[in-house]
Amino acid sequence: MSGKSALRRWTVRGLVGLPFLLVALAIAAWACVRASLPQLDGDAEIPGLSAPVSLGRDALGTLVVEGRTRLDVARGLGFAHAQERFFEMDLTRRSAAGELSALFGAKALERDRSRRVHRLRARLTERFEGLSGEDRLLLLAYAEGVNAGLHALPMRPWQYLLLRAKPQDWTPVDSLLVISEMYFMLQSGSFDAGFDRATLRERAGDAVFDWLNPRGGRWDAALDGSQSPPTPMPTPEQLDVSQARAPATPASGPASGPVNAPASARTNDDLPVLGSNNWAVAGSRSTHGGAILADDMHLGLGVPSIWYRAQFQIGAGPSGLRAAGVTLPGLPAMVVGSNGAVAWGFTNAYGQWFDWVEVPSDAKLTTRTETIEVHGAPAQTLEVSEIGDAPIVTVEGGRRFALHWIAHQGAAYNLALDRMLQVRHVSDALALAQRAGMPHQNLLAADRDGQIGWTVAGRLWAQPGLPEAYGRFVAPTAMRRDWLDPDRAPQVLSPAQGQLWTANNRQLDGAPGDLLGDGGFDLGARAQQIRDRLSAKDKHDEASIGAIHQDNEARFMKTWAARLLAASRTDAGANPTHRAFVQLLENWNGRADADSAAYRLVRQARLRVLDTLWDAWTLPSLGERQLDPKRRMRWRNQFEYSAARAVDERPPHLLPAAFASWDALLLAQLDDAAREIAPDGNLGGATWGAQNASRIQHPLAKAIPALSRWLDMPSAPQSGDSNLPNVAGPAFGQSERMVVSPGREEHGWLSMPGGQSGHPMSPFYGAGHQDWVEGKPTPLLAGPVIHRITAHRD
């Protein structure tokens, strides 16, 4: 009896004490996380400084680094990056090197293997020794600042507490790996597209391949004004999908035939095109006589932002230099911004920066062993085989394929971009960009004298990327190895019309276009709309240039609305569903607004039309592969031209057999699209914003959903979409918006999603995000400094 009483007493005590224990644990966890907060005020020590450095922050957390020399500013920037963003920097270098398993365990092994085959840490360790002395000193100074900032935290960054891991010091090679990760982010999506193109050409033949992969069309908006001729339509002898036509089926009835399977299982959707919009007008086209530049880089959105707002003050007095813009944690350079004399911005250049090489069975290979460390488990080894400097990354059907990629080569890496801080004229900015070792970008630059210019930043191969290599596997003997003399790189300087624009579209025709090649250009719809907005006004100011960021007019989708409306009218009198479509489309305002149901319906129906035609036209050559969602080859953006042409010209031999007419095909896709977006039948309530609501997450919240309420940004319905200037998806879109006229930076704008700091207890966690959501023009220059650290040499 006494034993049972004692047990009861201890049980009661335990139950009473449990809440106190949980509270104590919560307080302890809170204290540990709080201990890793970045320092905002007081003194700090950074090795190697030649003089004290000031690290100020304004209300948004914008870092204002003031130092006597460029190396001192790099040390100060590294200190702040580490304190605010070390975990994100660590993920970036590990992702590029294939070293995430050492932090996350075996669940990251598959990704690590896919990256480790490129052996980038080994390659870049060699490359570091070959950099200029100026570049090596800059990377060393930055690494000193990073490690000083990391070690100055009272507690390791809070993410490592959750992962039960310890951060490793930063090295100069790690910064080169950050450049590598940007190569992956901006170019690796083209690899699969290139492999698919080569496979499709082999199986379908040249005529059908060219039809499925047109080079251009009505939406072209190249800087040289060139237009690609239409691709010849295949003849019935080359492609005929009209045989064994099924009996006519009411368009509003059940879908018929395999090509009309539920789109939820196979809809391609518009693939995100990484790389952005930028545009500029010369001084002759501005109200104040100064050139104006705008830039918004489209990337995956997360918490914190990929970018880090910063303002550099190097030296003082008349010889001092001030620059403002965004930096990338892990690198000492200012990526996009203005130095008072020149402003610059980027969009991704979709050139042919790689070759798929078919490796003969008797080829001489080099094999190396890579060791992958795994947290909580034994290390794994990976055998990497290379032909020359190209690793074998794919084996299919007994054939081996190597990837010859410009990012594997040493000259593709340097810190030339950092010298953009010193350039004073657009011509100098273009020449510098052409020598930069960085992922290839469309650079637009504007200077204080009113000049504007374009070029491709990044080193180029001397051998053309087109037409020989387009959509083909190449032999090892055809691997391109020579570098183009930078002075021969394509450029446009001071255009007669006083305006420039790029949006991941084709820029040039002829020999210059062949030199760049085609790595998967986007349609020119965005670029064309930006070009037309610029042309619509004789004179611009910062407000009219900045308004293009928020342009939601859906000019491209209006063409599909017209097709679908015409089809709906064919039987609207007898079919109430199609009568409702007519009413909805006739009342659409032609914009991708969050509250628009018509836009969402047209968008979904278009995707279904393209999917249906793609499946029908590729099934004869690709066979059962196209019926497997995991292996299905997907259409790319340029397929729009062929699909739209077929719908408009209505060739009988290209109409899939499941449909009695082209109108029947369009109406079937409209019916299915309506059921998909409004299964309850309330089509008017199926708004675009409900599908396009933002979902901007912290990386740990993706892995641990319970953390979302504390770490993620609030979700909000969004206007905008992919084929118009205001690019907006749930977790993809404008990673920054900048407007600036060099010399008038006080009138410039810069806004970012996700906030400046990676620490959820920081006052700058999510700072500025709401302004970005609402499209408010946040100032480019830092506001009054409210926190300041003074760093001294240790």
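A search of the whole structure, which is a predicted model, finds nine cavities of 30 Å³ or more. The largest cavity holds about 320 Å³ of space, and among the 23 residues that line it, Met182, Val335, Leu417, Met438 and Pro439 lie nearest its centre. Two or more lining residues come from each of the elements α8 (172-187), β6 (298-300) and β10 (342-348), with α8 giving the largest share, three residues. Sorted by class, this lining consists of 16 nonpolar and seven polar residues, with no charged residues.

The structure holds 20 aromatic pairs, and two of them are set out below.

| Ring pair | Distance of centres | Angle of planes |
|---|---|---|
| Phe195 and Phe401 | 5.0 Å | 90 degrees |
| Trp614 and Phe639 | 5.1 Å | 80 degrees |

Because planes over 60 degrees apart count as edge-to-face, the pair of Phe195 and Phe401 is edge-to-face at 90 degrees, and the pair of Trp614 and Phe639 is edge-to-face at 80 degrees. Phe195 in helix α9 (residues 189-204) and Phe401 in strand β15 (residues 399-405) are 206 residues apart, so that their pair links distant parts of the chain. Phe195 is buried, with a relative accessible area of 8%, and Phe401 is buried as well, at 2%. Trp614 in helix α17 (residues 597-622) and Phe639 in helix α18 (residues 639-649) are 25 residues apart, and both of these residues are buried.

Elsewhere, ring pairs link Tyr183, Phe184, Phe191, Phe354, Trp405 and Tyr413 into a cluster. Arginine side chains also meet rings: Arg215 lies over the face of Tyr470, at 5.5 Å from the ring centre, and Arg563 lies over the face of Trp560, at 4.6 Å from the ring centre.

Conventions:
Residues numbered from 1 in each chain as written. Predicted model: local features only at pLDDT ≥ 70, side-chain atom pairs only at ≥ 80, totals over all residues. Heavy atoms only, no water. 1 Å grid on protein atoms, 1.4 Å probe; cavity = no way out; pocket = protein on both sides within 12 Å on 5 of 7 lines; lining within 4 Å. Points joined across faces, edges and corners; volume = space filled by probe spheres on them. Helix = DSSP H or I, 4+ residues; strand = E, 2+ residues; numbered from the N terminus. Nonpolar A, V, L, I, M, F, W, Y, C, P; charged D, E, K, R; others polar. Phe/Tyr/Trp six-rings, centres within 6.5 Å; stacked < 30°, edge-to-face > 60°. Buried < 20%, exposed > 50% of the residue type's maximum accessible area, 1.4 Å probe, protein only. Lys NZ or Arg CZ within 6 Å of the ring centre and 35° of its normal.
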